[in-house]
Every structure is written in structure tokens, then in C-alpha cells.
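User: I have a structure open and would like to go through it. Can you take my questions one at a time?

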Amino acid sequence: MASTNTSGGTPIRVGILGASGYTGAELVRMLLRHPNVTIAALTAERQAGKPIAEVFPHLAGYGLPDLVKIDALDWNALDFIFCALPHGTTQEVIAGLPSHLKVVDLSADFRLTDPAEYAVWYGHEHRATDLQKEVVYGLTEFNRAAVATARVVANPGCYPTSSLLPLLPLLSKGLIESDRIVIDAKSGVSGAGRDAKQANLFCEVSEGFAAYGVGHHRHMPEIEQELRGVAGRPVTVSFTPHLVPMNRGMMATIYVRMTDGVTVDDLRAALAARYADEPFVGVTPAGVNPATRHVRASNHALIGVTADRAPGCAILVSVIDNLVKGASGQAIQNMNVMMGFGETTGIDQAPLFP
Ligand SMILES: NC(=O)C1=CN([C@@H]2O[C@H](COP(=O)(O)OP(=O)(O)OC[C@H]3O[C@@H](n4cnc5c(N)ncnc54)[C@H](OP(=O)(O)O)[C@@H]3O)[C@@H](O)[C@H]2O)C=CC1
Ligand SMILES: CC(=O)N[C@@H](CCC(=O)OP(=O)(O)O)C(=O)O
């Protein structure tokens, strides 16, 4: 039941570092149906030595390699690496890889281009500043050309992905003010990873929901970095994430002030035009707002635009699946671009509904 190559070419040999985590499992699930890929190596830390089916029973029967420690890998037997390790553990690992390997890093370790800003938000010095200079930020729809020639791509965070997809086109066209952006975001609990933490226990997350990282979440500088790039000046956002009692899914409800003379219909038309040729990003019709279940387990993003009662203001509702477009799906999308495969290959599943 391993993946079969229908393209005629030799499949590339892929290694997944952190395969015993949630994003690692999603990479395996989707890559199993990718015709240009052979899953050649899977790593874990505490779970090393086990068959992956022991850690994830849903992945039994696919002929997958066992989980091993990173230092047991033969890099010469691999062509491409997905790095799905916790942030802070990744910089030295990727900096130490032989140069024939292309890499998509799902962690936050290479997303901030300024190491000084990284040190402020992540609490330690950046450990691979030379490599940082060549890493490309992989919000695919906005960086396709640079991703195509990159050796190492930093996959965006889930909150930044859901926030930037609606905001970048509107800000770059001068349709919204850059100083009045409020992002109220919600994530499913899988966003916190599979590691056991008290805050993620059933009794802590069920039957209620909570804000966290209020006023200081580390995705703020990532969002602001990318908005600054299109605005041409510093942008400060108000961003509050919430943990909601569902396994997967993410919604960013974004409040913006339109520039003088701009209407909500202008915003919707600009987003629809920007994404008309994009396979994974859609804009809902007037009066329709997207829900997380409309993109569940898919690489799709959906954006709704509605007038606010406050004059001159609009509300953008943006949904993704945090584990797919917010992580593993976008990582495969980036691999497809880096390797010259069809961009939707292996990730063209329709959303799972209900
Ligand atoms: N979950 C999400 O929705 C998203 C996650 N991300 C990012 O992707 C990365 C992976 O996230 P996720 O899959 O949720 O994390 P998990 O906690 O579920 O998995 C982490 C993986 O890394 C391994 N690992 C942990 N510590 C080390 C170490 N010191 N050395 C080597 N391997 C180690 C774990 O192995 P073991 O199980 O053996 O301990 C496990 O395989 C993170 O950087 C995360 O921030 C990005 C976007 C969204
Ligand atoms: C629910 C939850 O805890 N979510 C994570 C974000 C997941 C993600 O995208 O984080 P990285 O930047 O680490 O890749 C958080 O808030 O830290």
C-alpha cells in the first residue's frame, strides 16, 4: 500500500523529522498518496525505535519505515527533508545538513528574518544566522518564485497563514489602513502539538474556551514582518489567539478600517481577483461566511468579507485547517514548487465534511 509513482519519474526519497508528532503524521498521511515521493525515513525522539503504527495506528499497513533518532539517518539516502520538530530544536539540525538536501521547516526557527527580533520573541540567540539569510518564507501564494529556487523554506505559522492570506492583498493595494488591524483568532487543540501538557487535557479544554498569549504571542512579529513587506512601513497588529475545544481548524476574524472611498464590495472584489487562479484560496460570496468545517482536513483556505456597523470598517473571516494549510499541506505545496511537481499534487483532497 506504499505510494505509487504515476508520473513516470523516479520518486524522491523523503525524510520526515518529528514523524511521531501531529504535523509529522499529517505529512505521512498526505505523502502516502503523492506519486513523486517515497517516504524513506521517519524520526522521533522519545518514541524512537518503535514502528510508526505503534504510535499512530491509523498509519498501519503502509510499509512505512520505523521511527529512528535523527543521528541514525543516512543523509545520502535522502533527497528532501520535512523538519517537524519543536521550535528551538531545529536551527542546528538544519544548519548541519549536507547541501544536497532541500528542506521545508515547519517550525518557527527560520521565519523571522532578523535574528535580533527572533531573540526577543523566542528568548534565546539564533543559532544559525548564516543559514537564516538564505531561507525563504514559504507562504506559497506570495513567494512562489523564491520558493521554486530555495534550498530551505520556512513554512509559515498557522495563525500567520490564516491572517496573511486576507490581509496581504488588501494592504498591498492600499485598500485598508495599516494601523487599525485587529486579529481575533481561534485554533483547535492539535495546534499545540501532541506533547502532553496540562493546559491541553480534556477537562481543561472542553466545555469552554480561553484566550492565551494575550498581548505577547510570538506570531505577532511574524505577521507584522510580512505585512511590513507589502506596506513599505512598520505595521503593528493587535492579535489574540484562543484555544477552542475542537481537534483541528482555525479561524481568524479580522477587523480592518478601509481607506477613504473604499467599500466592502471593493475588498471582496480585490480578494476574488487576487485568488482567482489560486487552487487553494477561495473567497465566499457576499452574505456567506466560511466555517472551519468547510476546509477541514484539506489544504484550502476560505475568506469571507462583511461590512462592519462601524462606519468605514470591515470584518474578514479567514479559515484554514491548522494541520494542513497551516502546516503539513502548505509544506507539501512548497515541496511541490521546490521540486517542480504539480503544485496541487498529493494535496488536492476536498475538505472532510461534516
Ligand atoms: N500543530 C500545528 O498545528 C502546527 C505546528 N507547527 C510547528 O510544527 C512543528 C511540529 O509541530 P507538532 O507536530 O504539532 O509537534 P508535536 O509535539 O506533535 O511533535 C514533535 C515531534 O518532534 C519530536 N521531538 C521533540 N523534541 C525533539 C528533540 N529534542 N529532538 C528531536 N526530535 C524531537 C517528537 O518526537 P517524540 O514524539 O519521540 O517526542 C515529535 O516527533 C513545531 O515546530 C510546531 O510549532 C506549525 C504550524 C501548525
Ligand atoms: C493552539 C496552539 O498552541 N498553537 C500554537 C501555534 C502553532 C503554530 O503554528 O506554531 P509554530 O509557530 O510553533 O509553528 C501556539 O499558539 O503556539
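Analyst: Let's start with ligand 2: its shell holds 5 nonpolar residues, 5 polar ones and no charged residues. Keep in mind that this is a predicted model.

User: Which residues surround ligand 2?

Analyst: They are His87, Ser107, Ala108, Gly157, Cys158, Ser187, Gly191, Ala192, Pro241 and Leu243.

User: And which domains does the shell around ligand 2 draw on?

Analyst: Domain 1 (12-156 + 325-339) and domain 2 (159-322) each give at least three residues to the shell around ligand 2.

User: OK, ligand 1 now. Which residues come nearest?

Analyst: There are 30 residues around ligand 1, and Gly18, Gly21, Ser107, Gly193 and Arg194 come nearest. Ser107 is also among the residues surrounding ligand 2.

User: How do the residues of the shell around ligand 1 divide by class?

Analyst: That shell has 11 nonpolar, 15 polar and 4 charged residues.

User: Which helices supply residues to it?

Analyst: Helix H1 (22-31) and helix H11 (324-339) supply at least two residues each. H1 gives the largest share, 3 residues. By domain, at least three residues of the ligand 1 shell come from domain 1 and at least three from domain 2.

User: Switching topic. What is in the largest nonpolar core?

Analyst: That core has 89 residues, and Ile16, Phe82, Cys83 and Ala301 have the most contacts inside it. Both domain 1 (12-156 + 325-339) and domain 2 (159-322) give residues to this core, so it lies between them.

User: What is Cys83 in contact with?

Analyst: Leaving aside neighbours within four places in sequence, Cys83 is in contact with Leu17, Gly18, Thr90, Val93, Ile94, Val103, Asp105, Leu106 and Ser107. Two of these, Gly18 and Ser107, are among the residues that come nearest to ligand 1.

User: Which residues does the UniProt domain annotation cover?

Analyst: An unreviewed UniProt entry annotates residues 13-150 as "Semialdehyde dehydrogenase NAD-binding". That span is 30% helix and 17% strand, and its end C-alpha atoms lie 18 Å apart.

User: Last one: is isoleucine 332 buried or exposed?

Analyst: Isoleucine 332 lies in helix H11. It is buried, because 27 other C-beta atoms lie within 10 Å, and 20 or more is the cut-off for that. Apart from neighbours within four places in sequence, isoleucine 332 is in contact with Met30, Leu31, Gly346 and Ile347.

Key: Residues are numbered from 1 along each chain as its sequence is written. Chains are lettered from A and ligands numbered from 1 in the order in which they are written. This is a predicted model: local features need pLDDT of at least 70, side-chain atom pairs count only at pLDDT 80 or more; totals for chains, interfaces and linings use all residues. A nonpolar core is a set of buried Ala, Val, Leu, Ile, Met, Phe, Trp, Tyr and Cys residues joined through C-beta atoms within 7 Å. A residue is buried if 20 or more other C-beta atoms lie within 10 Å of its own, exposed if 12 or fewer, and partly exposed in between; C-beta atoms are placed from the backbone. Domain bounds come from an automatic or database domain assignment. Two residues are in contact if their C-beta atoms, placed from the backbone, lie within 7 Å. UniProt positions are given in the numbering used here, feature names are shortened, and annotations may be inferred rather than shown by experiment. Helices (H or I, at least four residues) and strands (E, at least two) are DSSP runs, numbered from the N terminus. A residue is near a molecule or strand if its C-beta atom, placed from the backbone, lies within 6 Å of it. Ala, Val, Leu, Ile, Met, Phe, Trp, Tyr, Cys and Pro count as nonpolar, Asp, Glu, Lys and Arg as charged, and the others, Gly among them, as polar.
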